[in-house]
Amino acid sequence: MTINLKTIATEHRNPNTMNLDQMSTLEIITEMNREDALIPGMIAPHLPKIGQVIDYAIEAISNGGRIIYMGAGTSGRLGVLDAAECPPTFGVSPDVVVGLIAGGSGAFIKALEGAEDSKDFAKQDLVNLNVNSKDIVIGLAASGRTPYVIGGLEYANTLGCHTAAISNTTESAIGAVAQIAIDVPVGAEVLTGSTRLKSGTAEKMILNMISTATMVGLGKAYHNLMVDVMQTNEKLRNRAENIVMEATGVEREEARKTIDLAKGSCKVAITMILAGCGYDEALSRLDTAKGHVRLAIKENA
């Protein structure tokens with residue numbers, strides 16, 4: 001079936017950049033900056049729906065489910081990127097937040113032609129993940145019409161999953177399939193059809209909200225500190241020490257000593273110090289508090 005790109009909002013021409021090829025470097029980036037500054041205001045009306053997606057995501061992970069992003073091209077890459085950042089930032093297993101891109105992992109670097117046009121590929125990707133009703137599946141497509149995303153959402157619906165769709169057009173086809181449609185029309189791109197620009201930025205901002213607020217809701221923060229950070233290099237070892245120092249007021253030597261006693265966990269170390277308890281009791285308190293430090297130390301506050 002032939003697609004008329006002119007009917008897709010993300011393919012419209014931007015009247016402010018009709019002479020883009022005649023602009024100076026400074027004029028180009030000034031115009032890009034002006035267009036980008038509009039994005040937060042365009043997202044704002046959709047915050048209640050984004051909040052509902054986050055509540056579903058917290059519910060999913062709390063019950064042993066996962067967040068699964070699905071997309072093609074730039075949208076798929078953004079989902080994979082957000083998923084990849086969750087383990088080091090929040091200390092979760094790589095299979096808690098999963099990014100699927102049409103064409104498989106190799107498509108992150110080099111596009112696989114035709115993959116985004118297949119609903120069957122989407123279903124098979126979800127089957128391979130053993131997707132079930134505990135999971136939430138979030139489809140991403142700037143154009144709002146990618147068959148791969150539609151197919152994934154349709155299949156997820158049959159399993160009883162919560163589903164959501166994020167697009168950059170109005171009344172999107174992916175939104176019509178999902179339980180929650182987050183259609184954020186950011187307007188024509190500075191470079192016509194280049195949805196890695198405003199559309200991609202808007203999607204990235206929304207994904208930042210979803211993953212961050214979900215993890216905070218799961219107890220991955222104390223105040224605004226990332227207390228489940230993974231210590232995989234010297235910088236992150238230092239960050240872990242700083243987090244424990246900020247949370248408890250102890251000096252660096254005490255912070256490092258307690259982190260080691262806590263088997264590398266900032267969260268456990270903070271609980272040990274603020275609750276004045278040992279490792280086993282800190283674990284028990286955190287288990288009872290479902291991972292929330294503030295609740296784990298409450299009786300000592």
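Where is His 223 found? His 223 sits in the loop between β6 (221–222) and β7 (225–226). This is a predicted model: local features need pLDDT of at least 70, side-chain atom pairs count only at pLDDT 80 or more, and totals for chains, interfaces and linings use all residues. Residues are numbered from 1 along each chain as its sequence is written, and side-chain values use heavy atoms, with hydrogens and water left out. Helices (H or I, at least four residues) and strands (E, at least two) are DSSP runs, numbered from the N terminus.

**The parallel sheet**

- Five strands make an open sheet with parallel pairing, in the order β2-β1-β3-β4-β5. Two strands pair if DSSP finds at least two bridges between them.
- β2 (97–101) and β5 (180–183) are the edge strands; each has a single partner strand, so one side of each lacks a neighbour in the sheet.
- On average, neighbouring strands of this sheet are turned by 15° against each other, direction ignored. Axes are lines fitted to C-alpha atoms, for helices over the stretch in contact, and angles run from 0 to 180 degrees between N-to-C directions.
- Strand β1 (residues 67–71) runs parallel to β2, joined by five bridges. Tyr 69 has Gly 99 of β2 as its bridge partner.
- Helix α4 (residues 73–90) packs on the sheet and touches β1, β2 and β3 (136–141). The direction of α4 makes about 155° with that of β2. Contact means heavy atoms within 4.5 Å.
- Ser 167 stands opposite Asp 183 in β5.
- In a regular strand the side chains alternate between the two faces of the sheet. From β5, Ile 180 and Ile 182 point one way, Ala 181 and Asp 183 the other, and all are buried. Buried means under 20% relative accessible area, exposed over 50%, partly exposed in between (1.4 Å probe, protein chains only).

**Helix pair α11 and α12**

- Two packed helices are described by the angle between their axes and the distance between the axes.
- The axes of α11 (residues 266–275) and α12 (residues 279–288) come within 9 Å and cross at roughly 105°.
- α11 is therefore roughly perpendicular to α12 (under 35 degrees is roughly parallel, over 145 roughly antiparallel, 65 to 115 roughly perpendicular, the rest oblique).
- From α11, Lys 267, Val 268, Thr 271, Met 272 and Ala 275 make the contact; from α12, Tyr 279, Ala 282, Leu 283, Arg 285 and Leu 286 do.

**Asn 14**

- Asn 14 lies in the segment before α1 (25–36). Asn 14 counts as buried, at 4% relative accessibility.
- A polar atom of the Asn 14 side chain is 3.1 Å from the backbone oxygen of Ala 188.
- Neighbours within four places in sequence aside, Asn 14 is in contact with Glu 35, Ala 188, Glu 189, Val 190 and Lys 198.

**Positive phi**

- Most residues other than glycine have a negative phi.
- His 223 has a positive phi near 55°. His 223 is exposed, with a relative accessible area of 51%.
- Lys 263, in the loop between α10 (252–261) and α11, has a positive phi near 60°. At 65% relative accessibility, Lys 263 is exposed.

Definitions and conventions
A polar contact is a pair of N or O atoms within 3.5 Å; within protein, one must be able to donate a hydrogen and the other to accept it, and residues adjacent in sequence count only if both atoms are side-chain atoms.
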